Each structure stands twice: as structure tokens, then as C-alpha cells.
Amino acid sequence: MPPHDAQPGRPAIRGRGAQSQPACPYVSVELVSEPAGDATGFAPNGEFLPPHPPPATEPAPATEFLADQSWSIVSENRSPDIPFRYSVNPYRGCEHGCSYCYARPTHEYLGMSAGLDFETRILVKHDAAALFRRWLARESYTPETVMFSGVTDCYQPIERRLGLTRQCLRVAAECRQPVSCVTKNALVARDLDLWADLAGDGCGGVAVSLTTLDEPLARDMEPRTSSPAARLRAIERLSAAGVPVHAMLAPLIPGLTDAEAPALLKAAHSAGARTAGYLVLRLPATVEAVFLDWLRRRRPNHYPRVVALIQGVRGGKMNDPRFHSRMRGEGAYADQLSQTVAVVAKRLGLAARQAPLRTDRFVRPTPPGAQRRLF
């Protein structure tokens, strides 16, 4: 397979995972800028000017935050591969900029690109907490676990300033709604008081995503996430406070990070994680273009092996969307990876799943602006 390059000749963009803007399939008109260094012309004296050499790097585009006027904050999932039904996402798009993020194509539903748009044009649901409270207050609601960050990370950098996730977590703590979250950001430890409060009643648990212990690789591959060391410190703090922590090795990238699986499990266990699991890289739709472009630019020596191994676990393709296969892959290499994780986890005493959260403590909240109940 030849290297994918969405915009040939474009210099590398510092501080971003995506290096291009793949066309959105739902928009018929595409604006393409001319790569730097390709302009030619003539000097005032008529002398021909050759193309300028492109710079080695290009400044990272600024992040733009847009108000999202959604009427609902809770999404429903029907996939048999995902162990939760409901999820809350205060943000659409994610500034973390992970080059492999499976959620990138969701920005295309908004007429934007799964590339740089996904990590630079973030939609913010300012009414997230009120919407969550209203949803929980429905008389028809039967309590069950709600996942924060079912799509994009609820603890991405803007959360430090806006605190929408913390507001939603306060609502959950108030009515003892069982919640969990998965994040790559050590900012989750900021809300240690609320997570510990929920965990004390068996109503809260956190999953921390670990991809690599290689700091330079993490900075290139997921440029605005917390460092691996910071994530491990967050696990330590959460665990010490009694919050059950699940170490999610996600994604393991064949030929690039999969060999780190034993070391990641050991580090997570030492930090206090009680359970662990893993997912193999998947490249749905436009994610393939974004990731392969990043791989060719940032880790070109790994490109042939990574592509060959991805195809090896995906039946000769770059992606396999089938349920029960898409998360782990198939074939000898996928089986070997599964066995490695299982053996190391068993040796460390790490279970595969967290215990179910309790729903019997739930107290239905009063919806915003409604009259309080007498009984």
C-alpha cells in the first residue's frame, strides 16, 4: 500500500495529531489551499522566481470553541461491543488530537472535516448539567450506569476552564446516579472529591486510557493529552481515595505500541488499577486517512510493518466494522496479543471487568424549574 498523504508537500503541523483536512463526504464543495513553498512567479525585473522551499514545520492552528445548542445531553448506544447503553458527552470534537481517534468521523455529520477540524473546532454544550438533570428526572427512567466520554473525552483541556463535566458529576452525586468515565487526561483527579463520594456508595468508577509509556511517542501521537506519567499519577490518586480504576490499553497499535502491553499493565497495577482491558486500533472511515498520514510523517520507519500487521488482524483490510471482531481483530497475531494481555493480567491479579455499579441508591432529582416533590 503506498503511503497516504492527504496534502502532499504540506509542512508538519506542530502540536496537532491530524496533519490534514480530509474532505467531508457530506459536503459537495471542498476548499483546498496551496501547499507552502509551491508558489512561483516573476520578480519586478522579469527574473523567474523558483518555488520557495517549504518550512519544516507549520504553527498549530488555534482552537475555536462553538456553542452547541443540543436539546439532549444523553446518547443511546446499541452496539453489542460496548458495555454501556447511555453516555454523556459535554463536548463534540476533542482537542487532545489523537491521530487514531475513532470518533473523528462524527465531525463530518456537522459538515466539518475529521482532520484538523475535529481537534480545532470544539462544540461546547454549556447547558450539559441542566440537560442531564432533566433527563434523570423523567418518571420513565429506570436507573442504570451512564458513561461519561462515550465519544470524545470529557476531560479534554477546555474542561479545566469550563468545568462542564464537574457540573454533570455534581448532578450524579446529588441523586446517586451510577456513572463511570474513560479519559486520557489527568484532570480527572481534579474531581477526586466527587468520584470518591460516588465510589463510596458503589456508584462511581473511572477508566484511564493508556497507550504508551514512551513520552516522545505520546507527544507526537496524542499531542494534547496528559503525559503517560501524569496518567499513572492520576490512577494512584484515584485508587488511594477508594475509586475503582480500570486501566484501558486503548488502542494497542500493531507494530508500534502493542509490544508495550505487559509494561503498561505492570505500570497500571503498580499505580493501583484493579482491572484492565485492551482494544486494538481500528480505522473507520476517514480515520484511516488521518492516521496513515500521521504515521508516514512522524514514524515513517514503522509504516510498512504497522500497515501489514493492521491488515493481518483485519482480514487483509485496514478496517473491519463487524461486531464482535472490530475491537480485538482476528487471526494469529490478534490471538497472540490477546493471550499476552490475559497471561500478564492474571499474573498481576488484574480482573477483566469492573464490578457493576449500584443502582439502588438512586434518588430522582427535581427537574430544573419544576415544583419539588412532597413524597
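This is a short walk through one protein model, from its overall make-up to a few single residues.

The model is predicted: local features need pLDDT of at least 70, side-chain atom pairs count only at pLDDT 80 or more, and totals for chains, interfaces and linings use all residues. Residues are numbered from 1 along each chain as its sequence is written, and side-chain values use heavy atoms, with hydrogens and water left out.

I'll start with the whole protein. It has 11 helices and 14 strands; these are DSSP runs, numbered from the N terminus, with helices being H or I of at least four residues and strands E of at least two. Of its 375 residues, 53% count as buried. Buried means under 20% relative accessible area, exposed over 50%, and partly exposed in between, with a 1.4 Å probe and protein chains only. A contact means heavy atoms within 4.5 Å. Among contacts between residues at least 6 apart in sequence, 78% join residues at least 24 apart.

Among the buried ones are Phe 132, Arg 133 and Trp 135. The buried residues of H2 pack against strands S6 (74-76), S7 (86-88) and S10 (146-148), and against helix H4 (164-175).

Helix H9, residues 287-298, is also largely enclosed, because 9 of its 12 residues are buried. The buried set includes Phe 291, Asp 293, Trp 294 and Arg 297. Their packing partners are strand S1 (12-13), helix H6 (215-221) and helix H10 (303-313). As for length, the expected span is 1.5 Å times one less than the number of residues. For H9 that gives 16 Å, and the end C-alpha atoms are 16 Å apart, which agrees.

Now the cysteines. How many disulfides does the rule give? The count comes to 0, where a disulfide is a pair of cysteine sulfur atoms within 2.5 Å. The sulfur of Cys 154 has its closest cysteine sulfur in Cys 181, 4.8 Å away, which is too far for a bond. Cys 154 is buried at 1% relative accessible area, and Cys 181 is buried with 1% relative accessibility.

On to the loop between strand S8 (91-92) and helix H1 (116-120), where Gly 111 is found. Gly 111 is partly exposed, at 39% relative accessible area. Leaving out residues up to four places away in sequence, Gly 111 touches Cys 24 and Val 27. Gly 111 and Pro 25 are 86 residues apart in sequence, with their C-alpha atoms 8.4 Å apart in space. Tyr 109 sits in the loop between S8 and H1, and counts as exposed at 57% relative accessibility.

Finally, some backbone details. Most residues other than glycine have a negative phi, and most peptide bonds are trans. Arg 176 is not a glycine, yet has a positive phi of about 55°. Arg 176 lies in the loop between H4 and strand S11 (179-183), and is buried at 13% relative accessible area. Ala 285 also has a positive phi, about 50°. Its place is in the loop between strand S14 (275-280) and H9. Is Ala 285 buried or exposed? Ala 285 is exposed, at 58% relative accessibility. The peptide bond from Ala 250 to Pro 251 is cis, with omega near -10°, and Pro 251 is in strand S13, residues 245-252.
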